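Dear colleague,

I am handing over the structure below for your attention. My findings follow it.

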Amino acid sequence: MSKEVLVIDDNPDIRYLICNILKEKHFNVRSAANYDQAVVEINKKLPDLAIIDIKLDRTDKDGIDLLKLLIKKNSAIPVIMISGHATVQVALNSLRLGAYEFIEKGATFSIDKLLNYVNRALETANLKEEKDIIENRLFHSFELIGKSPSITKVKRIIEKLSNTDSRVLITGPTGSGKELVARKIHKLSSREKKPFIVINAASLSETTYEKELFGQEFSDGTVSFGVLDRANKGTLLIDEVTEMPIKTQANILRVLIDQKYKRIGGKKDVNVNIRIISSSSKNLQEEVEAGKFREDLYHRLNVVPVELSPLISRTEDIPELINYFKRKISEINGVQEINIDTKNDQLYTYNWPGNVRELRNLVERITIVSANESKENIEKSINDILNNKRPIKNNSDFQLTFSSPLKEAREKFEKEYLTIQLKKNHGNISKTADFIGMERSALHRKLKQLGIKGIN
């Protein structure tokens, strides 16, 4: 399908020239001679690209005003600014506002140069759109996998949230799937077709956080839009919310209460309609008690809590997760699905500090490096990877065991051995007793004696 270009220039000769050249290159072209005509065309249908003259005669609004309007409607639309008598400051200002390029309309004005910018701008926009589509597809195509009680509870909460606009606080260790849960909540909500924006509080410094979040208004009247502008009418995920500076916490609290805020340097309130979801790998209640997080903000964010468990506490989901990941990774990368033995003991005795993300990365790594390998070689590769990741026991651990009386050393060994076997059998006492060759009732007594209360 041909791309649509909107040309806005008050000079009929220039406008005619640009439009005709673009039509010859098979673009769909519309044109306008001033601000008011351009607004009519923009409201009819947003173009794929706009070429705007900065100085529009016989009107009280110029090309910069049109640039601001287009950015507000859709910041992904590339805009090329042209002018025959603009100052360097005006040109720089247009680029700072978000214009793709600026071209002078003087003696050096070149149609070939303009066409080159048009093609590059559209190509860049296409690549960004494809990247966004792929990222959204990846997140939306991946599901919350498992039938363990903890993940089943999370799925039920997400379903119940589908008809609400409640604020949600998602907690869980790194790699447990907090952003995936947030995206699923957004996808099931009435805001599905609106923006889903993520801001990571841990990745921003205190000096840049408010500018990134609230945007900025400059003395010359230009505006740098922030995350709240871009997320308007959609969903904003504040990841690692406990890293938000105290001052910013107070400002975001006002947004939650009043649904409005001021940009940095701004004098007027900006009204906003956003659903805020927050996530954290820390315990927010403990952060509140330590004075690092505002209690009033905590209660505003924690309307509906969602807690994700570490993978080690739901190892019964590992087989289903592996089978799901190897199928999806095969589809995404266009490679053959590999054969992974989901009964491999190492998968259940490893601690998985990176949780589900680490398991997915392992499956992807094995899919790439062990393609066409036998099941035995794949199992060996997995074991080598996991064994290299396990912390090496300090010699003092062994010295402590060997320096202990026989009864104490035996108890230490039995406790570790039985804990591993229970994890391997997902806490099933009968299966564990059968494997180790012990009566079920005797195993119960031994677990009680060793203080092993259960495997979560």
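The model is predicted, so to speak of local features a pLDDT of at least 70 is needed and side-chain atom pairs count only at pLDDT 80 or more, while totals for chains, interfaces and linings use all residues. Residues are numbered from 1 along each chain as its sequence is written, and side-chain values use heavy atoms, without hydrogens and water.

Strand β4 (residues 79-83) and β5 are parallel partners, joined over four bridges. Strands (E, at least two residues) and helices (H or I, at least four) are DSSP runs numbered from the N terminus, and two strands pair if DSSP finds at least two bridges between them.

Both strands belong to an open, parallel sheet of five, ordered β2-β1-β3-β4-β5. Its edges are β2 (28-32) and β5 (101-104), each of which pairs on one side only.

Helix α3 (residues 63-73) lies across β1, β3 (49-53) and β4, at about 160 degrees to β3. Angles run from 0 to 180 degrees between N-to-C directions, with axes fitted to C-alpha atoms, for helices over the stretch in contact.

Elsewhere, helices α15 (residues 355-369) and α16 (residues 375-389) pack at about 135 degrees, their axes 11 Å apart. They are therefore oblique to each other (under 35 degrees is roughly parallel, over 145 roughly antiparallel, 65 to 115 roughly perpendicular, and the rest oblique). In their contact (heavy atoms within 4.5 Å), E358, L362, R365 and I366 of α15 meet residues of α16 including I378, I382 and K389.

Yours sincerely
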